[in-house]
Amino acid sequence: MSCSHMATCPLFAKFKMKASLRIWQDFFCQGQFETCARFKLAKAGTRVPPNLLPNGKTLDLAVLG
Amino acid sequence: MTTYWPWWTVAPALAALTVGHWILVRRPLGVSGVLARFSRVREELAFDRGTAVMQAGSPALEAAMAAAAAEFLGGPLPDSLAAEAPAETGSAPQAAPAGRECAPTPPLSAHLTFLVAVAAGGFLAALSRGTFGAGTGDAFARLIGSGPVALAALAGGGALVGFGTALCGGCSAGHGLTGCGRLMPGSLLSPGVFFAAAAAVSLLLGGLAS
């Protein structure tokens, strides 16, 4: 069973692009997606921050941008 | 007395608009939620910038995500992943059909376009009826009055509408059109309360005015 949000989750496309990011896809998108921080927020009707990772950590966009 | 288009022309148009918006945009149609975004414009612009950075991608972003993955694993990535072999493109399971899942929030510029179009639509509708510039209408003037009193009533009423829609997460467009169409329990209840309250207040004001 995979995450029903894969079609619309912007991060999922990122996870497919690089082998080093596949761990997120394997562990969350196609595994324990109920524990994904993004899935839980979306399910609760809350907008998902763009830089939120599935494990709840956020990327510092000021550094990346 | 203001005349409106017959219901049998407006109802199918609203239905087509609501369903078409979902099919094309994959987002529920709403107005108050769009307006609310402009009440926290700095936060929304920061959200849009973050989305743009994530969508654009960069080596720094990929490195940061890979570092976070390694941290999540509690150690270095397995050789099979760290080697940076091209990711498989054809064997990954496909996502389940999106069904009722929403698309991500569009940028603020898209919602600004939407609001301008709403105002333009109202303007064109008023022109088509020949009522543009006619003020608040006979019924409003009879119930509320005119001049500063009317302006105060409009400002107070607008504030109450904003407060109420923020409190219940939508207005007659979001709850009444989209939410009811999607059989969402809260949305089935909300329009009934909206219109019951409106009818009660109208009857009360009508009684006071007569």
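A residue is buried if 20 or more other C-beta atoms lie within 10 Å of its own, exposed if 12 or fewer, and partly exposed in between, with C-beta atoms placed from the backbone. The model is predicted, so local features need pLDDT of at least 70 and side-chain atom pairs pLDDT 80 or more, while totals for chains, interfaces and linings use all residues. Residues are numbered from 1 along each chain as its sequence is written, and chains are lettered from A and ligands numbered from 1 in the order in which they are written.

**Exercise 1. Work out what the fold of chain A consists of and how its dimensions compare with a globule.**

Step 1. Helices are DSSP runs of H or I with at least four residues, strands are runs of E with at least two, and both are numbered from the N terminus. Chain A has four helices and zero strands, in the order α-α-α-α.

Step 2. The C-alpha trace of chain A spans about 35 × 30 × 20 Å along its principal axes.

Step 3. The globule rule is 2.2 Å times the number of residues to the power 0.38, and the radius of gyration is taken over C-alpha atoms. Because a compact globule of 65 residues would have a radius near 11 Å, the 11 Å of chain A agrees.

Step 4. Of the 65 residues in chain A, 42% are buried.

**Exercise 2. Describe helix α6 of chain B: what are its span and its number of buried residues?**

Step 1. The expected span is 1.5 Å times one less than the number of residues. Helix α6(B), residues 108-129, has 22 residues and reaches 32 Å from first to last C-alpha, close to the 32 Å expected.

Step 2. The count of buried residues in α6(B) is zero, and the helix is hardly covered.

Step 3. After α6(B) comes B:G130, with a positive phi near 75°.

**Exercise 3. Decide whether B:L208 is buried or exposed.**

Step 1. B:L208 sits in helix α10 (residues 185-209) of chain B.

Step 2. B:L208 counts as exposed because it has 8 C-beta neighbours inside 10 Å.
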